[in-house]
Amino acid sequence: GTLTFRAKKGQGGVVLDIDDTGPAVPEPLRSRLFEPYLNALPEAGAGLALAVARSLVRQHGGDLVYLPRAKGKAFRVMLKAAGHA
């Protein structure tokens, strides 16, 4: 699939939206996407990437969420600017 990245200023930080035109995430797996070792999609590897990415973002005061799409996948990374609690 094709990846598209968009960054914009958020409240006290930055928001990065990542869209992927590849296969959509099946509805039953959406609530479990960030579980370690979950292989949600056929092209998935060990199932650690999203769990590790969310953990790292949260350690820095931000969050990583899945945005449901009818086709493809989308994620949002929210990070706080240095000095913002």
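**Entry 1: a charged pair**

Which side chain meets Arg-6 in a salt bridge? I looked this up in a predicted model, and the partner is Asp-19, with N and O 2.7 Å apart. Arg-6 belongs to strand β1 (residues 3-10) and Asp-19 to strand β2 (residues 13-20), so this pair ties together parts that are 13 residues apart in sequence. I remind myself that side chains of opposite charge can pair when their charged atoms come close.

Arg-6 is partly exposed, and its relative accessible area is 40%. Asp-19 has a relative accessible area of 15%, and it counts as buried because the cut-off is under 20%.

I then asked which other residue forms a salt bridge with Asp-19. I found Arg-69, where the closest N and O atoms are 3.3 Å apart. This pair links distant parts of the chain, 50 residues apart: Asp-19 sits in strand β2, while Arg-69 sits in the loop between β3 (63-66) and β4 (73-80). Arg-69 is partly exposed, at a relative accessible area of 32%. I noted that Arg-6, Asp-19 and Arg-69 are linked in a network of salt bridges.

**Entry 2: the neighbour, Asp-20**

I moved on to Asp-20, whose side chain meets that of Lys-73 in a salt bridge of 3.5 Å, N to O. Lys-73 is part of strand β4 and Asp-20 part of strand β2, so the pair ties together parts that are 53 residues apart in sequence. Are Lys-73 and Asp-20 buried or exposed? I found that both are buried. My search of the whole structure gave eight salt bridges, and I have written up a few here.

**Entry 3: the overall layout**

I stepped back to look at the chain. It has one helix and four strands, and along the sequence they follow the pattern β-β-α-β-β. The chain has 85 residues, and buried ones make up 32% of them. I also looked at contacts between residues at least 6 apart in sequence: 39% of these join residues at least 24 apart.

How do β1 and β2 run? They run antiparallel, and eight bridges join them. Gly-10 stands opposite Gly-13 in β2. The hairpin has two residues between the strands, and there I found Gly-12 with a positive phi near 75°.

**Entry 4: the core**

I wanted to know how many residues make up the largest nonpolar core. The count is 11, including Ile-18, Val-25, Leu-33, Phe-34, Val-57, Tyr-66 and Phe-75. Strands β3 and β4 each supply at least two residues of this core.

Leaving out residues up to four places away in sequence, Tyr-66 touches several others, among them Val-25, Leu-33, Phe-34 and Phe-75.

**Entry 5: the surface**

Last, I turned to the outside. The chain exposes about 5600 Å², and carbon and sulfur atoms supply 60% of that. Which residues form a nonpolar patch on the surface? I found Tyr-37, Leu-48, Val-52 and Leu-56, with about 390 Å² of accessible area together. Tyr-37 lies in the loop between β2 and α1 (49-59). With a relative accessible area of 61%, Tyr-37 is called exposed because the cut-off is over 50%.

Technical notes. Residues numbered from 1 in each chain as written. Predicted model: local features only at pLDDT ≥ 70, side-chain atom pairs only at ≥ 80, totals over all residues. Heavy atoms only, no water. Salt bridge = Lys/Arg side-chain N within 4 Å of Asp/Glu carboxyl O. Buried < 20%, exposed > 50% of the residue type's maximum accessible area, 1.4 Å probe, protein only. Core = buried A, V, L, I, M, F, W, Y, C linked by side-chain atoms within 4.5 Å. Contact = heavy atoms within 4.5 Å. Pairing = 2+ DSSP bridges. Patch = residues over 30% accessible without salt bridge, like charges linked within 9 Å, V, L, I, M, F, W, Y side chains within 5 Å. Areas by Shrake-Rupley, 256 points an atom, 1.4 Å probe, with all protein chains shown as cover.
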